[in-house]
Amino acid sequence: MKIIVLEGSPNKNGSSNMLADNFIKGAEDAGNSIRIIDAAKSKIHPCTGCIHCG
């Protein structure tokens, strides 16, 4: 199974990321494929309604 994990905490050593890391380890040990996206450090921009995508 492919799993995407979204990490959103800017504190890399905080409890949220520690929980995510333990989940990831368990999922990998079970044979799953993991992709991590760090939303706290990603440049995510909302839709501006420019219709460029359509």
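Cys-50 is exposed, with a relative accessible area of 56%. This is a predicted model, and in it the number of disulfides is 0. The protein contains 1 helix and 2 strands, arranged along the sequence as β-α-β.

**Cysteines**

- The disulfide count of the protein is 0.
- Cys-50 takes part in no disulfide, and the nearest cysteine sulfur to its own belongs to Cys-53, 6.6 Å away.
- For Cys-47, the closest cysteine sulfur is also that of Cys-53, and the distance is 6.4 Å.
- A disulfide requires two cysteine sulfur atoms within 2.5 Å, so the 6.4 Å between the sulfurs of Cys-47 and Cys-53 is too far for a bond.
- A disulfide is a covalent bond that joins the sulfur atoms of two cysteines.
- Cys-47 has a relative accessible area of 76% and is therefore classed as exposed, because the class begins over 50%.
- Cys-50, at 56%, is likewise exposed.

**Overall form**

- The C-alpha trace spans about 45 × 30 × 10 Å along the principal axes of the protein.
- Of the 54 residues, 19% are buried.
- The accessible surface amounts to about 4600 Å², and carbon and sulfur atoms account for 59% of that surface.
- Among contacts with a separation of 6 or more, 63% are between residues 24 or more positions apart.

**Helix H1 and Ala-27**

- Helix H1 covers residues 15-29 and includes Ala-27.
- Ala-27 has 6% relative accessibility and so counts as buried, the limit being under 20%.
- Beyond its neighbours within four places in sequence, Ala-27 is in contact with Ile-3, Asn-32 and Ile-34.
- The C-alpha atoms of Ala-27 and Lys-2 are 9.7 Å apart in space, while the two residues are 25 residues apart in sequence.

**The segment after strand S2: Ala-39 and Ser-42**

- Strand S2 covers residues 33-38, and Ser-42 lies in the segment after it.
- Ala-39 is placed in the segment after S2.
- Ala-39 is partly exposed, with 32% relative accessibility.
- Ser-42 is partly exposed, with a relative accessible area of 32%.
- Gly-8 is 31 residues from Ala-39 along the chain, and their C-alpha atoms are separated by 4.9 Å.
- Ala-39 touches Glu-7, Gly-8 and Ile-44, when residues up to four places away in sequence are not counted.
- Between Ser-42 and Gly-8, 34 residues apart along the chain, the C-alpha separation is 9.4 Å.

**The segment after strand S2: Ile-51**

- Ile-51 lies in the segment after S2.
- Its relative accessible area is 66%, and Ile-51 is therefore exposed.
- Ile-51 has a positive phi of about 65°, although it is not a glycine.
- Most residues other than glycine have a negative phi.

Technical notes. Residues numbered from 1 in each chain as written. Predicted model: local features only at pLDDT ≥ 70, side-chain atom pairs only at ≥ 80, totals over all residues. Heavy atoms only, no water. Helix = DSSP H or I, 4+ residues; strand = E, 2+ residues; numbered from the N terminus. Buried < 20%, exposed > 50% of the residue type's maximum accessible area, 1.4 Å probe, protein only. Contact = heavy atoms within 4.5 Å. Areas by Shrake-Rupley, 256 points an atom, 1.4 Å probe, with all protein chains shown as cover.
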